Amino acid sequence: MTFHAKFSGYADPTLHAAGLYIGGKWQSGSGITVLDPSTGNLLAEVSDASIEDAQRAVDAADAAAAGWRATPARQRSEILRRWYQLMTQHAEELATLIALENGKALADARGEVAYAAEFFRWYAEEATRIPGEFRHTPSGSHNILVDHEPTGIAVLITPWNFPAAMATRKIGPALAAGCTVILKPASETPLTAYAMARLGEEAGVPPGVVNVLTTSNPGVITNAMLADPRVRKLSFTGSTGVGRVLLAEAAKSVVSCSMELGGNAPFIVFDDADLEAALDGAMIAKMRNAGEACTAANRFYVQAGIHDAFVAGLTARMKSLKIGPGYDPETQCGPMITQNAVRKIDRLVSEALAAGARATTGGKPLTENGYFYPPTVLENVPVNASIAREEIFGPVAPVYKFESDDEAIRLANNTEYGLAAYIYSRDLKRAMKVGKRIETGMLGINRGLMSDPAAPFGGVKQSGIGREGGVTGILEFMEPKYYAVDY
Ligand code: NAP
C-alpha cells in the first residue's frame with residue numbers, strides 16, 4: 001500500500017496497514033487506487049487480491065475456525081470489547097480516514113465511528129447471552145433441546161457509504177457467534193477497513209479469525225469463495241442489483257445469506273405535525289452522509305395544509321449548508337463518492353425538472369473540482385418520476401403533496417423497496433395506524449434517525465433478507481441444532 005502526500009498530513013500512520021490481511025499477516029501490493037472525492041486526486045493505492053489470495057484467506061479462516069469456535073464466549077466477548085475501546089481511542093484518526101476516502105463531513109464521520117464501535121460493544125455483550133431452548137413435546141414422547149452453533153466461515157461484503165459501521169455490524173455478531181470471517185470492503189473505501197483490522201490485531205483477534213481482501217474483481221473473487229464448501233455464510237450490504245446476483249451465486253452451494261440492500265424511504269409529514277420537529281428530522285433523514293445512506297429519505301410526502309411551510313423551511317435549511325471537503329471541519333455537505341454518482345443524481349433531477357418539478361434551491365451539479373452536488377429541494381414533482389422510483393443517494397429532497405392518509409400510504413408503498421420510512425404527526429394513534437400499513441422493515445415516528453446497534457436493522461421486499469443488530473443479529477451467524485432427547 002502506498003500513501004500520497006495529502007494523506008500523510010491527516011491520519012495517524014500507525015493505523016495505516018500494509019495491504020491484504022490474511023491469516024494475521026499483511027501482504028503489501030498495489031492495483032486499486034483510492035481517490036479523494038473532493039478533488040479526484042490520488043490518496044493511496046492498495047493491493048488487488050487474486051483468486052489464490054482469496055483461497056488463502058479461506059484456508060486461514062478455516063485453520064482458525066475450530067480454535068475460535070472453542071474459545072469461551074467470555075473470551076470472545078473481551079476481545080470485542082477491547083476492539084470497541086481501541087476504536088474509541090482512535091476515533092479521531094478513523095473519522096479523518098473516513099472523511100478522506102469517503103468524503104463525508106467530519107461530524108458525520110465521527111458519528112459513524114461511534115456507531116460502528118457500538119456494534120463491537122453490543123456484540124461483546126451478546127456473545128455471552130447466546131440463547132438455547134428446552135421444550136416438552138406435545139405427545140410427551142421426548143424433550144426438545146435446541147442449541148445454536150456458529151454457521152461457519154462467513155464472507156462479508158460491505159459498501160463504501162459507511163466503511164466502518166457496515167463492517168463492524170457484520171464482524172461483531174460473526175465473531176460473537178464463533179465464526180471466522182473474510183471481509184471484502186468496497187474498493188472506494190478500503191483504508192478504513194484495513195485500519196480497523198490493525199486495531200483488531202491489537203485487540204487480540206487471533207490470526208485467521210478476521211481476514212481482509214480488496215479486489216478489483218469482486219465477482220470472480222466472491223464466486224471463488226462461495227464455491228468453496230467450507231464457506232457457509234454470505235453477509236452482504238450493498239445495492240439490490242448486486243444482491244440479486246450474489247443470491248443466485250450463493251444458491252449454487254446453498255450458502256446461508258443475509259442481505260442488506262437498497263432503500264427508497266418515504267418521509268410522511270401530516271398536517272398535525274410539529275413543523276420545526278419535522279424539519280429537524282427531515283434534515284437528519286435526508287442529509288446524514290449528504291444523502292448517501294440506504295435509510296435516506298428519498299421521497300417527502302407532505303400533506304396539503306403544511307406543504308408550503310415545509311418546503312419553505314426545508315429550502316432555507318438546505319440552502320444554508322456549507323459545502324466542502326469532508327475533512328474540513330466547517331463542512332456540512334461533502335462530495336459524492338464518484339463522478340458517476342453525481343451523473344446519476346443529475347439525470348434524476350433533470351428528468352424531474354423536465355417533467356414539471358421546480359427547484360427551490362440547487363438543481364444542478366457544481367462545476368468545481370471534485371464530485372459535488374449541492375443540497376437541492378424539488379417541489380411539484382410528478383409522483384411517477386424516476387426520482388420517485390430510484391435511490392437518489394445524494395442531497396436532493398423531492399417533495400410531493402398529498403391530501404388523505406390513504407393516499408399517503410398508497411404513495412409510500414408504491415416502490416419495490418421496503419427498508420425505512422418516517423412519519424411525522426402529533427397524533428401517535430394516527431401515526432401507528434398508518435405505520436402498520438407501510439411496507440417497511442423500520443419506521444421512524446417523529447424521529448429522523450433510527451439506526452441503533454440494539455435494534456434490528458433490515459428491510460422487506462427488495463430491500464433485503466435478515467436483520468443486523470438487536471438481539472437477533474447474532475443468530476444470522478448461527479444455525480439451530482435440535483437434539484431429540486429421551487431419558
Ligand atoms: P454495490 O455496488 O452493490 O457494492 C457493494 C459491495 O459489493 C462492494 O464491496 C462492491 O465491491 C461489491 N460488489 C460489487 N459487485 C459484486 C459482485 N458481482 N460480487 C461480489 N461483490 C460485488 O453498492 P454500493 O454502491 O457500494 O453501495 C450503495 C448501495 O448499498 C445502495 O443501494 C444502498 O442502499 C445500499 N446500502 C444498504 C444498506 C442496508 O443496510 N440495507 C446499508 C448501506 C448501503 P466494489 O466496491 O469493488 O465494486
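Buried here means under 20% relative accessible area with a 1.4 Å probe, protein chains only. At least three core residues come from each of domain 1 (2–261 + 464–485) and domain 2 (265–452), with bounds from an automatic or database domain assignment.

The model is predicted: local features need pLDDT of at least 70, side-chain atom pairs count only at pLDDT 80 or more, and totals for chains, interfaces and linings use all residues. Residues are numbered from 1 along each chain as its sequence is written, and side-chain values use heavy atoms, leaving out hydrogens and water.

Leaving aside neighbours within four places in sequence, Leu 175 is in contact (heavy atoms within 4.5 Å) with residues including Trp 68, Trp 83 and Val 205.

Strand 16 (residues 376–379) is covered on both faces: Thr 376 and Leu 378 are buried on one side, Val 377 and Glu 379 on the other. In a regular strand the side chains alternate between the two faces of the sheet. Strand 16 pairs (at least two DSSP bridges) with strand 15 (residues 358–361) in the antiparallel sense over three bridges, and Arg 358 stands opposite Glu 379. Strand 17 (residues 396–402) runs parallel to strand 16, joined by three bridges; Val 396 is the bridge partner of Thr 376.

Conventions:
Buried < 20%, exposed > 50% of the residue type's maximum accessible area, 1.4 Å probe, protein only. Helix = DSSP H or I, 4+ residues; strand = E, 2+ residues; numbered from the N terminus.
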